[in-house]
Amino acid sequence: MSNNSQPSSLRKQSIVIVGGGSAGWMSAAAFATHLSPEHFHITLVESKDIGTVSVGEATIPGILEFNQMLGINEAEFLAFTKGSFKLGIIFKDWYEKGNQYMHPFGAYGVNIQGLPFHHYLLQDKADSGSSMQNLSPYCIEYAAALNNKFSHPQPQSRSPLASIKYAYHFDATLYAQFLQQLACSKGVVHIQDYITDVSQHPNGDIASITLANGPAVEGDIFIDCSGFKGLLINQTLGVKFEDWRQYLPCDSAIAMPSETLEELKPYTISSAHENGWQWQIPLQHRVGNGFVYASEFLNEQNAIDQLSTQLPSKAIGEPRTVKWINGKRKNVWEKNCIAIGLSAGFIEPLESTGLQLVQSAITRLLSLWPNLPVAKAVRDQFNAYTNDEIDAIRDFVILHYVANKRRDSSFWQHCQQITLPERLQNKIALYESSGNIFRDNNELFNEISWFSVLNGQGLTPTSYHPLANNLPAASRKQYFKTIAGAMQEASASMLDHGEYLAKYIAQS
Ligand code: FAD
């Protein structure tokens, strides 16, 4: 396939993507956009007989950058994928039954005298016993969400509207179709066939894939987007999987769509139950619902029954079960194969991080794209970064299960027995002792996200940053009043989310 007489940087590379789920088509669309056809030939192979996991409907703000990187028109994309805007996640009954909090995408208040706002909230609580339960007055995304409002950021505004952070909900199958059209229009060769075998060079590199009905497909670089089984990275190259069952008990989900609701909510709802949690994702044409549970504590039929009785509207589809093991591939880049998507690892969907991991792998790969043969140093760099990234997300998700007052079932009692990874232990200890939160290298979730969940899950530090004491109490109160007033005014000026979305799509 490759012309070995040319310098490696000049040889045309053949990239073979195995799998046509979200990971496969996100990869194909991004590579086709950024790697010139003069130097790269891209093929994607998928089997309609196997199908895709077809969940992955809630995202986090990084998706905006990904879509922009592909030159996607936002309104067209939302119209095609039946999408909606998302300002964050409302967590119900996670800390204790009856409690709710939000993990919004934006910030609380503003830094004052260089200190993060949450130190002043903690100081206020210590001084005057104020509640930290509902922080919506200090966060535009939170305030807007509770009022069902949405606006794009308005950079010229001097109000909180300037910096609204958002992501999307969308139909995962339609997103893959949207990207497929884009990728194929940019020259990606699409083969629909079943891969029956994989052959390797003597050095272990993958040489080609054998198809049930067509000629073998050779390649220089293979992207494994074949889903949980990891056709190349696992079944061919035997890269080990690090199992995180001991940290994250939920390993199954039932997905079932229901009719749209009168109000189109600009947020995902995650409601904790006795044996897991339920997601609710508002789309234009349906509500995406799912019940995530631990099979050790609940059987499939009971999970289906629970979800069926707790749907927010009438079911419009049959329940579908998905099973997984939380964990990661020890090296996602092995030989000439890079695993992206579920083949690389998976952390249950509580914080909507699946597609984010896909897009960050793609952008990282683009920035480290190898000359041939692949240098070990390039692979090592990619693997180290990927490991760090997923470990930090794992810790963030574990936090929800362990920091709470729920003890009302064997499932929640089990969560209290989880031994925390060291990094998470340190993070909690730092926060509890000082109110400080530090973002480690490459960490996806920033200090504000950590604060939202640490506070929302009921952790209260014993102190706050001493520099907060430089601000007299009266000035602090005045800041709070001004900030809350500005948030209220800004959210009142926003349109109803459903109305905003309809107008936005119609104007495009
Ligand atoms: P898949 O969708 O499984 O695709 C695998 C592809 O490989 C298919 O096209 C299949 O045909 C092909 N294939 C496999 N074997 C062969 C073969 N032998 N021959 C030919 N083709 C083959 N992420 C989010 O960001 N937000 C969420 O809200 C979210 N919710 C989730 C909820 C659940 C319950 C689960 C399990 C995941 C969720 N995710 C979420 C993660 C997200 O769904 C995945 O990251 C994303 O769909 C990527 O999947 P994939 O493309 O890797 O695999």
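Q: Which residues are buried in H11?

A: Burial is read from relative accessible area, with under 20% counting as buried. In this predicted model, the buried residues of H11 are Leu 424, Lys 427, Ile 428, Tyr 431 and Ser 434.

Q: Which helices do the buried residues of H11 pack against?

A: Packing is read from contacts, that is, heavy atoms within 4.5 Å. For the buried residues of H11, the partners are helix H4 (117-128), helix H9 (376-402) and helix H12 (447-456).

Q: What does helix H11 reach from its first C-alpha to its last?

A: The end-to-end reach of a helix is set against the value expected at 1.5 Å a residue. Helix H11 covers residues 422-434, 13 residues in total, and reaches 18 Å, close to the 18 Å expected. Just after H11 comes Gly 435, whose phi is positive, at about 75°.

Q: Why does the radius of gyration of the protein agree with a compact globule?

A: The value is judged against the chain length: because the protein has 508 residues, a compact globule would have a radius near 23 Å, and the 24 Å of the protein agrees with this. The C-alpha trace spans about 75 × 55 × 50 Å along its principal axes, and 56% of the 508 residues count as buried.

Q: How many helices and strands does the secondary structure of the protein come to?

A: The protein has 14 helices and 23 strands. As for contacts with a separation of 6 or more, 77% come from residues 24 or more positions apart.

Q: How many positive and negative side chains does the protein have?

A: There are 38 positive and 47 negative side chains, and the centres of these two sets lie 3 Å apart.

How values were computed
Residues are numbered from 1 along each chain as its sequence is written. This is a predicted model: local features need pLDDT of at least 70, side-chain atom pairs count only at pLDDT 80 or more; totals for chains, interfaces and linings use all residues. Side-chain values use heavy atoms; hydrogens and water are left out. Helices (H or I, at least four residues) and strands (E, at least two) are DSSP runs, numbered from the N terminus. The radius of gyration is taken over C-alpha atoms; the globule rule is 2.2 Å times the number of residues to the power 0.38. Buried means under 20% relative accessible area, exposed over 50%, partly exposed in between (1.4 Å probe, protein chains only). Lys and Arg count as positive and Asp and Glu as negative; His and the chain ends are not counted. The place of a charge is taken as NZ of Lys, CZ of Arg, CG of Asp or CD of Glu. The expected span of a helix is 1.5 Å times one less than its number of residues.
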